[in-house]
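Please open the model in your viewer and keep a selection tool at hand. The tour moves from the whole chain to single residues.

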Amino acid sequence: MSHTSEWKIHVYLFEEEHTTKVRVELDTGTNRLTGHGAARCNPTDKEVPEIGGELAAARALENLAEQLKHTAYGDMAAAGAAPQRAPLTAYDLG
């Protein structure tokens, strides 16, 4: 069984008062999920916007990945299949 899908992802970065916030929107065609992340620059540190963007985007993508795994495990359970392993939590990733 061969299958190709295209999923669309949009990444939005917002900067305000030493904080970068990121929203990542995923549209699979049948499901829409939104991940969120933020990074705050210490006011005494040198401001390097790229670092805040990278960190906030990574956190938003991590949040989106957790949601996607949760959705997949729910779909597996609804189909009568047991997950091969327990879902990871944010603590497991640390």
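Predicted model: local features only at pLDDT ≥ 70, side-chain atom pairs only at ≥ 80, totals over all residues.

Residues are numbered from 1 along each chain as its sequence is written, and side-chain values use heavy atoms, with hydrogens and water left out.

Select the protein chain and colour it by secondary structure: two helices and three strands are present, in the order β-β-β-α-α along the sequence (DSSP runs, H or I of at least four residues for helices and E of at least two for strands, numbered from the N terminus). Of its 94 residues, 18% are buried (under 20% relative accessible area, with exposed over 50% and partly exposed in between, for a 1.4 Å probe and protein chains only).

Next, select glutamate 17, which lies in the loop between β1 (8-16) and β2 (19-27). Its phi is positive, about 45°, although the residue is not a glycine, and glutamate 17 counts as exposed because its relative accessibility is 75%. Histidine 18, in the loop between β1 and β2, also has a positive phi, near 65°, without being a glycine; at 37% relative accessibility, histidine 18 counts as partly exposed.

Finally, select glutamate 54 in helix α1 (residues 49-78), where a relative accessible area of 54% makes glutamate 54 exposed.
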